[in-house]
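The following note sets out points for a colleague on fold, copy relations and charged pairs. Please read each point against the model shown.

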Number of protein chains: 4
Amino acid sequence: MSEILLRLSATIEARRSASPETSWTAKLLSQGPGKTAEKFGEEAIEAIIEAVRGDRERLTAEAADVLYHLLVMLAACNVPLDDVLRELASREGLSGIDEKAARD
Amino acid sequence: MSEILLRLSATIEARRSASPETSWTAKLLSQGPGKTAEKFGEEAIEAIIEAVRGDRERLTAEAADVLYHLLVMLAACNVPLDDVLRELASREGLSGIDEKAARD
Amino acid sequence: MSEILLRLSATIEARRSASPETSWTAKLLSQGPGKTAEKFGEEAIEAIIEAVRGDRERLTAEAADVLYHLLVMLAACNVPLDDVLRELASREGLSGIDEKAARD
Amino acid sequence: MSEILLRLSATIEARRSASPETSWTAKLLSQGPGKTAEKFGEEAIEAIIEAVRGDRERLTAEAADVLYHLLVMLAACNVPLDDVLRELASREGLSGIDEKAARD
């Protein structure tokens, strides 16, 4: 199931050259990093609201939106998802408190 | 590489019962969904700022933070990552514009 | 010029009982605190993006949007603007560092 | 009471040249627009969370934080508060729906 993110990331890349009139992803990417960041931010806010409400079903859907728009924002900025996952992996093995210290 | 998210999600679950004094994740979870949502929101803002700045290296690190804190928020709300990935997968195959219509 | 906020706050209160079909403010309020918080969050994100971009003209407009949507969110939660301004005033006279300490 | 915002704005301006070691505001301003935007974003998230929770007392305090950090962000970007209030005033008299249309 986890490979869905890589597949989605590849789909987003493939749509980069599609027409903004037929592809929502192409339309977002054509508007530049700022617009993709704005959309990502909107979805993040919606996920936060559902988390505080404790609505698990809506949080599931909003978290999916967050992931999709995070991938679009990364694509708009030419940051490969692989680099982000590698960064996460490099932090593994650090204990929680050590990890926080490493990030600060 | 994509299985790192599932591994990280399992690690977060495992730390749920750890001491908040030795585990950063346990400390976050012990403060409840609202606190985890706040931390997720802070990381989302930082990622947005780096995206607009166009700083790819810092965006990579911030995006990793976003993913970690999204997983912690999901754990605090008892939403399995698997459900979120399944939701993303269920949208696959929809064209971009159809997908947007389906989400609206 | 500063009384514009109080006037706007009064206008928002007055529109509370208007029809959601003719008043944008009434429509927002009728959807509850969560929806007004979501709109406030969207405007906050847009203001952040313009601040990072350094676009002063657009930041001016976005900051006005932030203030309007902050007032709507306060109205939806029955928090009088006066209470918020009183809170700000009560912090006056504290030096910057003291003020931060007082808020922490 | 409404003049508190103008007074606070003037205080922030006055602290621009203070030492970052003795003034929290000077410290924020010395770190540039991005840092002030990040702090503003954090406070916006906290206000959103309290609004959804319906905690009026904490929302009052968070809304005050939002206003303070909005003013610091505006100062960091050299946008006068007066311009923002003038923008708000220029929208007055528009009906709710017209106003929304004017902003779109």
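A salt bridge is taken here as a side-chain nitrogen of Lys or Arg within 4 Å of a carboxyl oxygen of Asp or Glu. The model under discussion is predicted.

1. Over all chains, the count of salt bridges comes to 38.

2. Fold of chain A. The chain holds 6 helices and 0 strands, giving the pattern α-α-α-α-α-α along the sequence. Of its 104 residues, 56% count as buried. Among contacts between residues at least 6 apart in sequence, 56% join residues at least 24 apart. The accessible surface of chain A is about 4,200 Å², and carbon and sulfur atoms account for 46% of this area.

3. Chains C and D. Chain D is superposed on chain C by a rotation of 180° with 0.0 Å of shift along the axis, at an RMSD of 0.0 Å. The two copies are thus related as by a two-fold rotation axis. Of the interface residues of chain D, 100% are also interface residues in chain C, so these copies meet through the same surface.

4. Chains A and C. A rotation of 180° with 0.0 Å of shift along its axis likewise places chain A on chain C, with an RMSD of 0.0 Å. Which residue of chain A comes closest to the rotation axis? That residue is A:Glu42, whose C-alpha lies at 2.8 Å. The same surface serves both copies, as 100% of the contact residues of chain A recur in chain C.

5. A pair within one helix. C:Arg86 forms a salt bridge with C:Asp82, the closest N and O atoms being 3.1 Å apart. Both residues belong to helix α5 (residues 81-91) of chain C and are 4 residues apart, about one turn of the helix. C:Arg86 is partly exposed, with a relative accessible area of 45%, and C:Asp82 is partly exposed at 29%.

6. A pair between chains. The side chains of C:Arg91 and D:Asp65 form a salt bridge at 2.8 Å, N to O. C:Arg91 lies in helix α5 of chain C and D:Asp65 in helix α4 (residues 56-76) of chain D, so this pair joins two chains. C:Arg91 is buried at 9% relative accessible area, and D:Asp65 is buried at 8%. Elsewhere, salt bridges with shared partners link A:Glu3, A:Arg7 and B:Glu92 into one network.

Key:
Residues numbered from 1 in each chain as written. Chains lettered and ligands numbered in written order. Predicted model: local features only at pLDDT ≥ 70, side-chain atom pairs only at ≥ 80, totals over all residues. Heavy atoms only, no water. Buried < 20%, exposed > 50% of the residue type's maximum accessible area, 1.4 Å probe, protein only. Contact = heavy atoms within 4.5 Å. Areas by Shrake-Rupley, 256 points an atom, 1.4 Å probe, with all protein chains shown as cover. Least-squares fit on C-alpha atoms with pLDDT ≥ 70 in both.
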